[in-house]
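Open the viewer and get ready to select residues by chain. This tour goes stop by stop.

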Amino acid sequence: MKVNEVPQDPKDFREGAKVKKVIYAVDDDGKYTSVNSAGWEAENFATKQAWDAIDEELAETAEKVKAGELSPIAYYMHKCLMEPSLLAKYVGKWQWQVNKHMKPSGFNKLSADMLSKYAKAFNITIEELTSFGK
Amino acid sequence: MSSTIYSHCQHAHCESGVTSNLLKYEGIDLSEPMAFGIGAGLFFAHIPFLKVSGTPGTTFRTWPGAIFKRVTQRLNIDVHTQKFRTPEKAMSALDDVLQAGKPAGMLSSVYYLPYLPEAFRFHFNAHNLIVYGKEGNEYLVSDPVLEEVTRIAPEDLAKARFAKGTPEPKGFMYYIKSVPKEIHLEKAIQSGIKQTCFFMLSPPLPWFGNKAIFTLAKKIKQYPQKLTTRKAALYLGNVIRMQEEIGTGGAGFRYLYAAFLQEAGVLLQRDDLKGLSAELTKIGDDWRNFAYHAARQMKDRKSDLVSFDELSHLLIICGEKERDFFKRLENTNR
């Protein structure tokens, strides 16, 4: 890639335009140099698509929590871009236990201590956690 | 306190950038491409059954920590590396290093770095950054992917250093203790090249090195039959992101490695390396061409501008050219 071919397509979502990363490209004499790039259409599209998928899934999860199919833990887990395996590590439980807590029946039995562990993992208050979807 | 002032330099890739910046502080001028090449940073792997955030794991680089380790070993530089059990211990050890006037490199999770734009903040636990000082309660951060230095609150830094998941940084910190009077680049460059060729050409399993490019090509061909349109687009998107997103220097580190070969060619007065650099630049252009068409494919799902078959074919071309390329690179090094 030549220096003048380095794309400058701004990543204009989620503050992505704040970083102008370094790309290596060759000048007219074939010598390598580093150039700042605002972004590239193809890459911006892929990243945006990944975020859109997360948003869609989050909206679906929110509906399920409101319908009483899932607990608020499922919602905040998606919001924090986590999966049950990762969340389990943050709260010091097994994955099957986290899966259980993602159902309203399991969630309602949680101790105050456990709730505070989840709230801490999501960086929210216990009140925010328990009141979601109500 | 040390009399030297830490100076920040923006780079393409976090680990080779951190390595270059730490060395510069010690008075060794080693460019980012040189650090990347000597550290044998280039690689490829595609492991379909290892799902990372729901998509098959794909990487264009070697595993985290390897570049800094190999560069310092190959240049006979004395370093200190350490993992910690608790954030308290890790943070107080960092304070001690800063007190002694040394900048320290460390692993972190980008998800917990508030100074990065949200667009990049996924649970990626192998991001390298340098802390070079402390003012009041805040740490002064030199993150190689940013144009300027920044700051971070101690709670945030502790969280980023003790993120859970795979891999777990466990507060991993490293700094340079002392450097030799002279460094010998020629041998370091040769062993770096040798290792890269070995990792690209020798793994007998289909998921690592050059063979993995063909594995990915085969999988992509099957996407329309095996996956929903949405999943296929997400899988393909993930490959593009791994190839081009922040820190690769373009074309999945291929341009960065080509820059290394060119610099090495000039330094060692070897025209063969310069020629190979130009060739790898062209292969990099092929990778970019693949990413461009893959994005078009995802964007315009119905128009079928370039079908999955053709995308797969574009990758096979990259794979074949690289196989030939690395074989010849290996031979120049004998």
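**Stops on the tour**

Start with chain B, where the domain assignment gives domain 1 (14-30 + 78-178) and domain 2 (185-332). Keep in mind that this is a predicted model. Colour the two domains of chain B. Their centres, taken over C-alpha atoms, are 29 Å apart.

Next, go to the contact between the chains. Chain A puts in 33 residues and chain B puts in 39 residues. Stay on the chain A side. Select β1 (21-26), β2 (32-37), α1 (41-66) and α3 (84-91) of chain A: these elements each give two or more residues to the side that touches chain B. Which element gives the largest share of that side? Pick α1(A), which supplies 9 residues. Now colour this side of chain A by residue kind: 19 residues are nonpolar, 5 are polar and 9 are charged.

Move on to the largest nonpolar core, which has 112 residues. Select B:Leu256, B:Tyr257, B:Ala294 and B:Leu315, the residues with the most contacts inside this core. Then show helix α10 (residues 271-299) of chain B, which gives the most to this core, with 10 residues.

Zoom in on B:Leu256. What does B:Leu256 contact, leaving aside its neighbours within four places in sequence? Within chain B, select B:Ala12, B:His13, B:Pro33, B:Phe36 and B:Gly249.

For the last stop, find a second, separate core of 18 residues. Select A:Ala74, A:Met77, A:Ala88 and A:Ala121, which are among its members.

Note on methods:
Residues are numbered from 1 along each chain as its sequence is written. Chains are lettered from A and ligands numbered from 1 in the order in which they are written. This is a predicted model: local features need pLDDT of at least 70, side-chain atom pairs count only at pLDDT 80 or more; totals for chains, interfaces and linings use all residues. Two residues are in contact if their C-beta atoms, placed from the backbone, lie within 7 Å. Helices (H or I, at least four residues) and strands (E, at least two) are DSSP runs, numbered from the N terminus. Ala, Val, Leu, Ile, Met, Phe, Trp, Tyr, Cys and Pro count as nonpolar, Asp, Glu, Lys and Arg as charged, and the others, Gly among them, as polar. Domain bounds come from an automatic or database domain assignment. A nonpolar core is a set of buried Ala, Val, Leu, Ile, Met, Phe, Trp, Tyr and Cys residues joined through C-beta atoms within 7 Å. A residue is buried if 20 or more other C-beta atoms lie within 10 Å of its own, exposed if 12 or fewer, and partly exposed in between; C-beta atoms are placed from the backbone.
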